Amino acid sequence: MSKQYRRWIPTRVRKTVLERDGNTCQVCSSTTDLCISHIIPPSENGSNTADNLQVLCRTCVAIKGNYVLTIEDMRKYLVLYEAQWLEDDKHKIGRVKSLIRYDLWEQERSRQNIDWTNDQDMKRTKDDVLHSLWERHKLFLERKGCA
Ligand SMILES: [Zn+2]
């Protein structure tokens, strides 16, 4: 089965999911730019049946990406990283995703009790996160009229 076919969701199923979720993004309650999103992504063998699908807006889909995140997790990240405010800025969505990746990595690290400080990929992620935190701090100052 081709990758494309696995991602294709029949119109009938899309309609069922949209109706079930009240034509509303399940994370941020937006009613515009809605998409059908996989809970478990097709790349992880998630199915195209209604129980593995949810309505998300375009911004929330971009942030969720291929992560397996619950609605509660997604909301937590939205609050944490002010994602609603980020809107459709792809560059900023990328930063939020870095922050999520970093957070998931931290969770995994403490779960397995492993010291991954020498992992080059993760070190780069951490630098990225620190950079984006600084950028956010600068924006915060600008919005407050402090910069
Ligand atoms: Zn949303």
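Trainee: In which loop is the place of Asn 23?

Mentor: The model is a predicted one, in which local features need pLDDT of at least 70 and side-chain atom pairs count only at pLDDT 80 or more, while totals for chains, interfaces and linings use all residues. Residues are numbered from 1 along each chain as its sequence is written. Elements are DSSP runs numbered from the N terminus, with helices (H or I) of at least four residues and strands (E) of at least two. On that basis, Asn 23 falls in the loop between α2 and β1.

Trainee: Is Asn 23 buried or exposed?

Mentor: A residue is buried with 20 or more other C-beta atoms within 10 Å of its own, exposed with 12 or fewer, and partly exposed in between, the C-beta atoms being placed from the backbone. Because Asn 23 has 12 C-beta neighbours inside 10 Å, its class is exposed.

Trainee: What is the phi of Asn 45, which is not a glycine?

Mentor: Most residues other than glycine have a negative phi. Asn 45 sits in the loop between β1 and β2, and it is exposed because it has 8 C-beta neighbours inside 10 Å. Asn 23, also not a glycine, has a positive phi of about 50 degrees. For Asn 45 the phi is likewise positive, at about 65 degrees.

Trainee: Which element of the chain has the highest mean pLDDT?

Mentor: The pLDDT is the predictor's confidence in each residue, from 0 to 100. The chain has a mean of 74, with 60% of its residues at 70 or more. Among the elements, the lowest mean, 50, belongs to helix α5 (residues 83-86), and the highest, 96, to α2.

Trainee: With which residues is Arg 14 in contact, leaving aside its neighbours within four places in sequence?

Mentor: Arg 14 belongs to helix α2 (residues 11-20) and is partly exposed, because 16 other C-beta atoms lie within 10 Å. Its C-alpha atom is 9.3 Å from that of Thr 49, 35 residues apart along the chain. Contact requires C-beta atoms, placed from the backbone, within 7 Å. With those sequence neighbours set aside, the contacts of Arg 14 are Ile 9 and Ile 36.

Trainee: Which residue in β2 does Ile 36 stand opposite?

Mentor: Two strands pair if DSSP finds at least two bridges between them. Strand β1 (residues 34-38) is joined to β2 by 5 bridges, and the two run antiparallel. Opposite Ile 36 stands Val 55.

Trainee: Why is β2 largely enclosed by the rest of the structure?

Mentor: On one side of β2, Leu 53, Val 55 and Cys 57 are buried, and on the other Gln 54 and Leu 56 are too, which leaves both faces covered. The strand is largely enclosed because its buried residues number 5 of the 5.

Trainee: With which residues is Cys 60 in contact, leaving aside its neighbours within four places in sequence?

Mentor: Cys 60 is among the core members that touch the most others. Beyond four places in sequence, its contacts are Cys 25, Val 27, Cys 28 and Met 74.

Conventions: A nonpolar core is a set of buried Ala, Val, Leu, Ile, Met, Phe, Trp, Tyr and Cys residues joined through C-beta atoms within 7 Å. Two residues are in contact if their C-beta atoms, placed from the backbone, lie within 7 Å.
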